[in-house]
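The sequence and structure come first.

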Amino acid sequence: MKIQSLKGTNDILPSEIKEWHLLENVCHTLFELYGYEEIRTPIIEKTELFKRSVGETTDIVQKEMFTFKDNAERNICLRPEETAAVARAFIQHNLTNKTGMAKLYYIGPMFRSERPQAGRYRQFNQFGVEAIGSHSPHLDAELIALMDEFVTTIGLKNYKILINSLGCKKDREIYKKKLLEYTQKDKNIFNNLCSDCKRRIKSNPLRVLDCKNPECHKLIKKFPTPQDYLCDDCKEHYNKVKLLLDSLKIEYEEDSLLVRGLDYYNRTTFELVHGGLGAQNAIIAGGRYDNLISSFGGPDTGACGFAGGMERLLLACEAEKINLPLKDSLSVYIVTLDESYYKYGFDILHALRKNGIKAHISYETKSLKSQMRQANKLNSRFAIIIGEDEIKSKKYTLKDMQEHKQELVDKKTLLNKIIKLNG
Ligand code: HAM
């Protein structure tokens, strides 16, 4: 029996990897332009890290983490997200820079044991940024602008930015009470909620707003929202975020039901959703998490960030038929017609590669016909033939596979010609 990969995991094949490299390069270039530095944290962490940050009652912690015990009976898990890990590393290594901030970005695999479907996998790849050290609404707006810049750089058009404010801890306590009162004053409301929502309304009421059950959704549309209970400070913060976004001409929609599936958020939350993705339509999501660092024993400091799914980003590019500008070197195939000519073949091979040209050679001396067939299969633009005549004349046959022309040239001319054409 052939062994297959695990359900919900994907091989990224050689035919796909160029697109990944390209998107990863956009992350490196753009995030660094905005002053972020890369961090790489371990894939395994203590389970407690996510229980205490993402939240005990969230779906991620209750149902989706891949956990196991190590040899010393410690609870370990594969990271389901990166914000908590970055917060841990920030405190552990005291990462604040000279300006009093830490601006960090990451790219890497995350793991959630969800029911796989298009755009939802058990191992998926996130890119993300975390800015730790400021409570300023300007930071929230800058992050939303960066998110917008990121997708426009890639060429996406069919997307929308949704924003909301969840208020501070106190606001959330008040909202929690109001929501419970609202759903309990009319038995019809409570009774018509799904069993998950009946449970969540007491344990984690914000999650109710996010319920995908159509019956719940009808009721939820009339629910009071966190925005109705923002204190003056939180209202001011939210207004400043919007004002700055307006001045930057970033288009957004307010969605007062936008809550996130992770507990650490407060104040601004946002999502970038795409029209071509079906149910799993959020490509990038994030928000403020001002209490997380101090809850881990770090300084009392504001923080905000976002993360996006690489697979969903690629699906969105596919939906919009975006041709990512994948630059590839033209390819050259070296045909050697005798074992003793290999030293000349490898000399050219080496020179081409040193000049950034992709070059192949046949490791076995096969017939000219068979090697030319290989050159065709590898999509080679040129074949360089080294046979008896070439050795005698100290020149090489350069065959242009596209123009169907060939000429006998010396090494210098040959290299110049190919390098020039490669651009
Ligand atoms: P999240 O909404 O759980 O937030 O995930 C962010 C993004 O990761 C999603 O919008 C989606 O593109 C991708 N994603 C999540 N789960 C899956 C999955 N099972 N399969 C494929 N893609 C997935 C966070 O993870 C927060 N840490 C974001 C953040 C950073 N907030 C502040 N800083």
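Gln117 has a relative accessible area of 28% in this predicted model. Because that value lies between the limits of 20% for buried and 50% for exposed, Gln117 counts as partly exposed. Gln117 sits in the loop that runs between β5 (102–111) and β6 (123–132). Its C-alpha atom is separated by 7.8 Å from that of Gly8, although the two residues are 109 apart along the chain.

Ile43 also lies in a loop, here between β1 (37–38) and β2 (44–46). Ile43 is classed as partly exposed because its relative accessibility is 35%. The two loop residues are listed below.

| Residue | Relative accessible area | Loop between |
|---|---|---|
| Gln117 | 28% | β5 (102–111) and β6 (123–132) |
| Ile43 | 35% | β1 (37–38) and β2 (44–46) |

Together with Ile44 and Phe68, Ile43 makes up a nonpolar patch on the surface. The accessible area of these three residues together is about 250 Å².

Which helix supplies the largest share of the lining of the second largest pocket? That helix is α6, with 5 residues. At least two lining residues come from each of α2 (47–53), α6 (169–185) and α11 (292–295). Sorted by class, the lining of this pocket consists of 9 polar, 8 charged and 7 nonpolar residues.

How values were computed. Residues numbered from 1 in each chain as written. Predicted model: local features only at pLDDT ≥ 70, side-chain atom pairs only at ≥ 80, totals over all residues. Heavy atoms only, no water. Patch = residues over 30% accessible without salt bridge, like charges linked within 9 Å, V, L, I, M, F, W, Y side chains within 5 Å. Areas by Shrake-Rupley, 256 points an atom, 1.4 Å probe, with all protein chains shown as cover. Salt bridge = Lys/Arg side-chain N within 4 Å of Asp/Glu carboxyl O. Helix = DSSP H or I, 4+ residues; strand = E, 2+ residues; numbered from the N terminus. Buried < 20%, exposed > 50% of the residue type's maximum accessible area, 1.4 Å probe, protein only. Nonpolar A, V, L, I, M, F, W, Y, C, P; charged D, E, K, R; others polar.
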